[in-house]
Amino acid sequence: MAKQPLLEFTDRGIYCSKGKFYIDPWKPVDDAVITHAHSDHAYWGHNRYLAHHLSKQVLLYRLGEINLQTIEYGEQVIKNGVEISLFPAGHVIGSAQVRVEYQGEVWVVSGDYKVENDGISTPFEPVRCHHFISECTFGMPVYQWKPQLMIFDEINSWWRTNLNNDIATVLVGYSLGKAQRILQNLDLFNGKVYTHGVIENTNQALRNNGVQLNPTERITPDTPKDEIRKGIVLAPPSSVGTPWMRKFGSYNFGYCSGWMAIRGAKRRRAADRGFILSDHADWDGLISAIDATGCEKVYLTHGYTATFSRYLTEIGFDAHEVHTLYGSEEEAEVKDDTLNEDKNNTHAVGGDLERADTP
Amino acid sequence: MKAFAQLFLSLDETNKTNEKVRILKDYFINVPDTDKMHMLALFTGRKPKRQINTTLMRNWAIEASNIPAWLFEESYHVVGDLAETMSLLMPQNTISSNKTLTEWIAEINTLGDKNEEERKLWLMDSWAMLDGQERFVFNKILTGSFRVGVSQSLVIKALADVAGLEPATLTHRIMGSWMPETYHYKQLVEEQSAGDNISRPYPFFLAYPIQETSEKQRSVEELQSTLGDSSDWQAEWKWDGIRSQMIKRDGKIFIWSRGEDLATEKFPELHPFLNALPDGTVLDGEILSFRNGLPLPFNVLQTRIGRKNLSKKILEESPVAVIAYDCLEYAGEDIRTKTQSERRVILERLHAATPYPEVFNISVMIDFNTWAELAAKREQSRAMIAEGIMLKRKNAAYQVGRRRGDWWKWKIDPLSVDAVMIYAQKGHGRRADLYTDYTFAVWDGDKLVPFAKAYSGLTDVEINKVDNFIKRNTIEKFGPVRTVKPELVFEIGFEGINRSTRHKSGVALRFPRILRWRHDKPKEEADTLDSLKALLGE
């Protein structure tokens with residue numbers, strides 16, 4: 001008789017029946033281990049949450065009063081005899097891979113991850129395992145990232161050009177992760193960094209968590225337009241084209257995302273500039289990360305799962321596609337009101353509709 | 001090539017018209033004259049002859065990228081552009097090249113004399129010395145799929161500024177066929193008469209649509225307030241054929257289509273009448289299939305478009321004739337600045353003199369005294385095999401390009417049915433990696449029969465929603481095509497419908513497109529094949 005796998009894919013999320021807990025469940029459960037605070041991984045309504053220390057304040061900000069236990073990377077928690085520990089995923093601040101071990105069998109759930117050290121999230125660490133459950137948002141060979149240093153050089157020089165032309169600069173990126181990564185890499189000799197409320201709230205939550213971030217100023221109706229033009233504005237994707245953005249007068253807006261690697265996607269966003277900057281692993285990053293786990297089996301949860309698993313199989317991995325509700329290319333594009341329902345975010349300041357925090 | 005690649009990138013990086021013009025001017029000022037002409041040729045759709053076929057190029061790109069062929073295909077579906085896919089998948093270049101656009105194109109043009117092995121070597125070497133962006137535009141030139149998100153009018157505006165010419169003059173001077181190798185920048189900008197090149201057509205004047213929807217028709221009052229007195233206007237039927245300019249100069253004839261393709265040889269029936277015109281005559285009109293003095297639906301004409309050889313059978317089954325509606329040059333003189341009415345008189349005079357009245361028709365003026373009367377006449381369009389009505393201001397000159405004001409097209413409502421989406425495929429260009437190409441079906445008993453494909457008509461928000469639905473409701477995948485759970489209903493509009501033996505449904509539509517998403521209709525209430533066929537009007 002086949003042994004029951006340690007982790008299973010159910011219609012509520014990834015489930016450990018031995019330990020009676022779920023990892024990143026999308027329907028309410030008793031016990032949830034959360035890889036990171038993006039809304040397609042951290043849903044509202046579970047009885048107990050377990051996550052990394054650095055996710056604490058953001059989770060509380062996004063989900064309100066929840067029963068949350070946080071731990072350090074490498075620290076162990078035992079649930080019903082199953083060992084749970086977290087390892088850095090390098091995706092955003094506080095993001096973790098979840099390592100689950102029972103009687104010598106090791107499973108790792110990657111959540112979302114990137115392999116490049118962004119200088120602000122704890123860098124990705126490969127974890128040896130038998131079974132690796134991986135994302136593959138950018139599991140196509142056309143996605144190959146350049147080092148972030150090159151991208152930030154482009155961003156900073158674009159900002160300078162706008163300053164010289166007396167045009168406001170608006171840089172769009174997701175409020176958790178991308179915004180802080182950008183913030184820490186801007187050339188502050190150029191000017192001041194202004195933030196949209198949603199981003200500033202996230203910054204505040206992270207600062208409360210002890211994260212050191214560069215100074216920012218929240219934009220209010222009283223912030224003078226002329227001052228904003230001398231700095232740079234960080235804004236979430238949901239603010240694009242809204243009256244909020246139009247009030248800056250003449251502005252140039254740049255979009256930071258892995259999807260910007262494709263000309264069509266870039267043109268669809270109608271951004272003035274697309275910067276190829278992603279918090280997910282690129283093609284080579286995914287393959288090297290999977291290889292480094294030494295796993296016997298790899299399961300692909302979201303992204304170009306069909307193509308990527310076929311390729312992995314061809315190069316000798318035992319790869320499988322699984323169906324989950326995580327991120328994935330599809331959600332990445334959708335920003336409509338219905339998505340706000342799962343969030344149930346009592347603190348959110350209007351308009352942050354992002355869900356799958358995609359690149 | 002660096003300057004050209006940068007031009008392409010810079011144009012991509014802005015949505016602002018003024019900025020685009022500035023970028024174009026910057027380019028024109030900084031590159032050699034020969035590059036200017038090559039750029040102009042590429043940006044106005046004059047592609048160099050394709051020297052390497054796409055299949056070979058694709059195979060060599062797969063080799064250079066070192067990935068399996070199937071993965072290359074999958075990547076192509078995600079990127080939606082072959083040149084870009086090839087460029088993204090290849091390893092980064094280690095050396096670079098300073099060859100100009102002119103030099104590259106000259107090299108491309110010598111490939112014709114080389115064998116396959118030599119071509120491959122040349123291509124692999126070239127790829128290795130171009131960076132990502134250069135490789136992309138280089139591939140675009142090679143695959144002959146060169147299209148930019150910049151209208152010809154912007155390019156002309158920028159160059160006219162640099163050269164100190166009127167845009168209309170420049171537009172005219174780059175009409176027709178010319179090669180950047182032999183048409184020099186000096187010739188282009190020097191004062192000269194259009195007669196230098198006897199084949200050169202004039203820029204077409206295009207009508208602006210009178211916008212209306214099936215729910216909201218323009219009222220007689222609106223026409224009166226927008227267009228003024230009806231007596232200032234002439235009205236003609238709007239024909240659905242091939243818009244063409246027909247030239248007779250120095251004893252030679254030329255037929256140009258709207259896309260500036262020289263189509264003289266495609267319409268031998270028209271040669272006698274054109275040869276009989278006086279020298280120095282240019283006519284504007286529509287080429288249509290005709291039988292017994294009556295126009296036939298567009299699909300009859302379609303059977304001969306694109307044929308290399310016009311067989312006797314085709315010429316018999318689909319004979320063409322012209323409905324001319326304007327005269328742009330008479331007795332060797334450009335008369336575009338004369339009024340519509342004056343040009344009409346000249347056109348009528350030419351028509352009266354033709355020995356071939358069965359081939360050379362002129363468009364009939366619709367008799368009307370009030371807007372209300374004309375609105376009523378418009379209802380007869382379909383019976384006339386016309387798409388609606390053209391309105392032309394009697395005192396207007398023949399202008400350049402699509403302009404609001406003096407020429408209006410007032411089309412009739414499209415025919416429409418409610419249909420169920422059953423297949424979907426990813427789009428190209430800015431719709432890459434999104435499911436935007438749909439196949440629609442109507443009911444035949446309890447079966448859904450596909451009858452039309454449509455790409456356009458939805459908003460970006462709707463496209464995202466439909467895309468999301470498709471990804472979650474795929475039944476089967478056949479290569480790039482997904483079979484989708486039949487559920488979404490759309491109203492499909494089209495200009496015409498004809499019997500077809502080539503389609504499963506037995507009908508072929510003209511210009512099908514999505515009019516709206518019928519959220520209110522369950523799939524069971526979509527139309528039937530019988531109701532679709534009832535529109536055949538037989």
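How many bridges join S3(B) to strand S11 of chain B, and in which direction do the two run? Seven bridges join them, and the strands run antiparallel. Please keep in mind that this is a predicted model.

**The open sheet in chain B**
- S3(B) and S11(B) belong to an open sheet of four strands in chain B, with the order S2-S13-S11-S3 and mixed pairing.
- The edges are taken by strand S2 (208-209) and strand S3 (233-239) of chain B; each has a single partner strand, so one side of each is left without a neighbour in the sheet.
- Strand S11 of chain B covers residues 386-393, and its Ala386(B) stands opposite Trp239(B).

**Domains of chain B**
- The domain assignment divides chain B into domain 1 (2-143), domain 2 (205-411) and domain 3 (415-536).
- Between the C-alpha centres of domain 2 and domain 3 of chain B there are 33 Å.
- Where these two domains of chain B touch, five residues of domain 2 are in contact with five residues of domain 3.
- On the domain 2 side of that contact in chain B, two residues are nonpolar, one is polar and two are charged.

**A helix crossing in chain B**
- Helix H6 (residues 82-89) and helix H9 (residues 132-143) of chain B have axes that come within 8 Å and cross at roughly 145°.
- The crossing of H6(B) and H9(B) is right-handed.
- From H6(B), the residues that take part are Leu82(B), Ala83(B), Glu84(B), Met86(B) and Ser87(B); they meet residues of H9(B) including Arg135(B), Phe136(B) and Lys140(B).
- The residues of this contact between H6(B) and H9(B) divide into four nonpolar, four polar and three charged.

**Where chain A meets chain B**
- The contact between the chains involves 18 residues of chain A and 27 residues of chain B.
- On the chain A side, the elements giving two or more residues are helix H7 (263-269), helix H9 (305-314) and helix H10 (328-333) of chain A.
- H7(A) gives the most to this side, with five residues.
- The chain A side is made up of eight nonpolar, two polar and eight charged residues.

**A buried helix in chain A**
- Helix H3 (residues 178-185) of chain A is largely enclosed by the rest of the structure, because seven of its eight residues are buried.
- Among the buried residues of H3(A) are Lys178(A), Arg181(A), Ile182(A) and Leu183(A).
- The buried residues of H3(A) pack against several elements of chain A, including helix H2 (148-164), helix H4 (197-208) and strand S16 (251-256).

Terms used. Residues are numbered from 1 along each chain as its sequence is written. Chains are lettered from A and ligands numbered from 1 in the order in which they are written. This is a predicted model: local features need pLDDT of at least 70, side-chain atom pairs count only at pLDDT 80 or more; totals for chains, interfaces and linings use all residues. Domain bounds come from an automatic or database domain assignment. Two residues are in contact if their C-beta atoms, placed from the backbone, lie within 7 Å. Ala, Val, Leu, Ile, Met, Phe, Trp, Tyr, Cys and Pro count as nonpolar, Asp, Glu, Lys and Arg as charged, and the others, Gly among them, as polar. Two strands pair if DSSP finds at least two bridges between them. A residue is buried if 20 or more other C-beta atoms lie within 10 Å of its own, exposed if 12 or fewer, and partly exposed in between; C-beta atoms are placed from the backbone. Axes are lines fitted to C-alpha atoms, for helices over the stretch in contact, and angles run from 0 to 180 degrees between N-to-C directions. A crossing is left-handed if the near helix is turned anticlockwise from the far one by less than a right angle, and right-handed if clockwise.
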